[in-house]
Amino acid sequence: MDWNELAAAISAATGTGFLLARTEPVSGGCIHQAHVLHAQDGRQVFVKSNRLAHRDAFACEAEGLKAIAGTGTIRVPTPLLEDAIGQDAFLVMEYIVFDRNPSDWALMGQQLAALHRHTAPTFGWHRDNWIGASPQLNHCQTNWMDFFRDGRLAPQFKLAADNGLPLRDAQKLLHHLPHLLGEHAPAPSLIHGDLWAGNVAFSAGLPVLFDPAVHFADRECDLAMARLFGGFPEAFFEAYKASWPLPPGAAHRRPLYQLYHILNHANLFGGSYVHDANHLIQTLLC
Ligand code: ADP
């Protein structure tokens with residue numbers, strides 16, 4: 001990345017000169033490189049960068065952040081600029097100083113419920129986006145089961161086949177969906193879409209979400225993922241349910257919704273996630 005050229009692009013986008021003092025790498029991401037850029041006047045911005053092939057993912061991330069910000073329910077970093085310089089794509093956003101100790105999980109639960117109250121007539125999104133580095137299909141559908149099968153599980157099973165992963169009973173599981181979802185007919189809620197512990201933080205005690213994969217879906221998808229990969233404290237779930245109780249069967253549907261993310265991890269990272277996916281498929285088929 002040509003940092004000085006990026007600083008010039010930030011100056012042009014923000015209308016105030018951003019004279020670069022130094023760059024500072026940030027760890028914690030799974031896919032991209034992350035840096036804080038410090039300007040000579042003390043301003044700071046947060047920058048994610050990667051090869052040009054990831055440019056669309058940054059455009060989608062910026063759009064998702066704006067969509068969540070537009071609800072006024074929960075804080076997200078403000079995207080400032082998304083573009084490419086040579087072979088490097090980047091997304092510049094507001095730098096937020098995160099608290100060292102996560103705090104008001106109950107407030108995060110309440111604010112997430114408020115986000116989920118923003119609904120649409122159909123499941124999906126106006127365009128496909130990304131879940132981590134995998135494509136996420138968002139063709140709008142009115143039937144939740146059809147959407148989850150065609151837009152979520154089936155594409156991950158296809159990716160797994162293309163990747164040569166030894167998954168068993170994929171088709172059988174797809175045919176088993178009516179047994180797992182029954183008559184469940186959720187409203188299409190605006191969800192974060194990639195809500196694991198690595199994509200949430202607190203700043204001055206208030207909740208912050210970042211790195212979304214937004215779309216309209218069953219709100220239980222966010223809650224199911226929040227119990228994966230580290231998990232959120234119980235106070236979060238209790239406050240969510242107090243704000244907006246879950247319909248009957250939510251605990252029963254949870255592993256199905258988690259399967260989507262386990263499959264995605266199997267496709268992205270392989271290893272024990274393949275075993276986890278097979279185990280979960282067999283559990284769901286029982
Ligand atoms: P990736 O898409 O590669 O997983 P993330 O979006 O998760 O990257 O960002 C990597 C790390 O950078 C996060 O774990 C978080 O600690 C930090 N981070 C993300 N966004 C911001 C921000 N706007 N301000 C400050 N730190 C951030």
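## The largest pocket

Lining the largest pocket are 48 residues, of which Gly29, Gly198, Asn199, Phe210 and Asp211 lie nearest its centre. Here a pocket is an open set of points on a 1 Å grid over the protein atoms alone, where a 1.4 Å probe fits, with protein on both sides within 12 Å along at least five of seven lines; lining residues have an atom within 4 Å of a point. The model is predicted: local features need pLDDT of at least 70 and side-chain atom pairs pLDDT 80 or more, whereas totals for chains, interfaces and linings use all residues. Residues are numbered from 1 along each chain as its sequence is written, and side-chain values use heavy atoms, without hydrogens and water.

Helix 8 gives the most to this lining, with five residues. By class, the lining has 29 nonpolar, 13 polar and six charged residues, with Gly counted as polar.

## The ligand and its shell

The ligand sits in the largest pocket, as more than half of its atoms lie within 2 Å of the grid points. Around the ligand are 19 residues, of which Cys30, His32, Lys48, Glu94 and Asp211 come nearest; a residue is counted if one of its heavy atoms lies within 4 Å. This shell divides into 10 nonpolar, six polar and three charged residues.

## Polar contacts

Polar contacts are pairs of N or O atoms within 3.5 Å. A side-chain N or O atom of Lys48 is 2.6 Å from an oxygen atom of the ligand. A backbone N or O atom of Ile31 lies 3.0 Å from a ligand oxygen atom, and one of Glu94 lies 2.9 Å from a ligand nitrogen atom.

Conventions:
A polar contact is a pair of N or O atoms within 3.5 Å; within protein, one must be able to donate a hydrogen and the other to accept it, and residues adjacent in sequence count only if both atoms are side-chain atoms. Helices (H or I, at least four residues) and strands (E, at least two) are DSSP runs, numbered from the N terminus.
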